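Please look at the model first, then read the points below.

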Amino acid sequence: MKTGIFYASTTGTTESVAKRIAAAMEVDEKDVINVKNVAPSAVGDYDLIIMGCSTWGPGDMQNDMHDFLDGVQSLDLEGKKVAFFGCGDERMKKSFCNAVGYMYDMMKPTKATPIGAYPAEVYNFEHTEAERDGRIVGLLIDETNHPDLTEPRIKQWVAVVREEE
């Protein structure tokens, strides 16, 4: 299954996580793509599309990803799979990694099949837009407060994604 990792990164944290996910999944470096450098139609080249961005301020999606997904929404990606990851600060208890939920919602019109849900109970938050039916719709990373958990979470999440491919 040809995998593309599409990310938006302002400070470099999400880019770093995207590259770590790529290494864990053995995805070629050329398939790890900053969304500000590519047209939305590029996602069509992949069978598994992994989308990642950070959550900013009061719970907003990173601007480059929002603009990219505006273009992706018009594509028909039926038969493809999509997985999500995001970076945030768990101290933002009422909006922790909201962007992951926003990406999930923005990808619905494409008909791509979402995969890679992650257990909600491993996180400490009051509310996140990334939660659906007691599960998180993707991988949430907090490099600020829990950098020691990043590698084990990536490994566990990659195993889930691989199983659902």
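A residue is called buried under 20% relative accessible area, exposed over 50% and partly exposed in between, using a 1.4 Å probe and protein chains only. By that rule Tyr118, at 3% relative accessibility, counts as buried. The model is predicted, so local features need pLDDT of at least 70 and side-chain atom pairs count only at pLDDT 80 or more, while totals for chains, interfaces and linings use all residues. Residues are numbered from 1 along each chain as its sequence is written, and side-chain values use heavy atoms, with hydrogens and water left out.

**Overall form**

- The protein chain has 4 helices and 10 strands; these are DSSP runs numbered from the N terminus, with helices being H or I of at least four residues and strands E of at least two.
- Along the sequence, the order of these elements is β-α-β-β-β-α-β-α-β-β-β-β-β-α.
- For 165 residues a compact globule would have a radius of gyration near 15 Å, and the 14 Å of the protein chain agrees with this. The radius is taken over C-alpha atoms, and the globule rule is 2.2 Å times the number of residues to the power 0.38.
- A box of roughly 35 × 30 × 30 Å along the principal axes holds the C-alpha atoms of the protein chain.

**Burial and contacts**

- Of the 165 residues in the protein chain, 50% count as buried.
- Contact means heavy atoms within 4.5 Å. Among contacts in the protein chain between residues at least 6 apart in sequence, 77% join residues at least 24 apart.

**Aromatic rings**

- Rings of Phe, Tyr and Trp (its six-membered ring) pair if their centres lie within 6.5 Å; planes under 30 degrees apart count as stacked, over 60 as edge-to-face and the rest as tilted.
- The structure holds 5 aromatic pairs. One of them is Phe6 with Phe68, which is stacked because the ring centres are 5.8 Å apart and the planes are at 25°.
- Phe6 belongs to strand β1 (residues 3-7) and Phe68 to helix α2 (residues 63-72), so this pair ties together parts 62 residues apart in sequence.
- Phe6 is buried at a relative accessible area of 0%, and Phe68 is buried at 3%.
- The pair of Tyr118 and Tyr123 is tilted, because the ring centres are 6.0 Å apart and the planes are at 45°. Tyr123 is buried, with a relative accessible area of 7%.

**The cluster and a charge**

- Phe6, Tyr46 and Phe68 are linked into a cluster by ring pairs.
- Lys2 lies over the face of Tyr46, 5.0 Å from the ring centre. A charge sits over a ring if NZ of Lys or CZ of Arg is within 6 Å of the ring centre and within 35 degrees of the ring normal.
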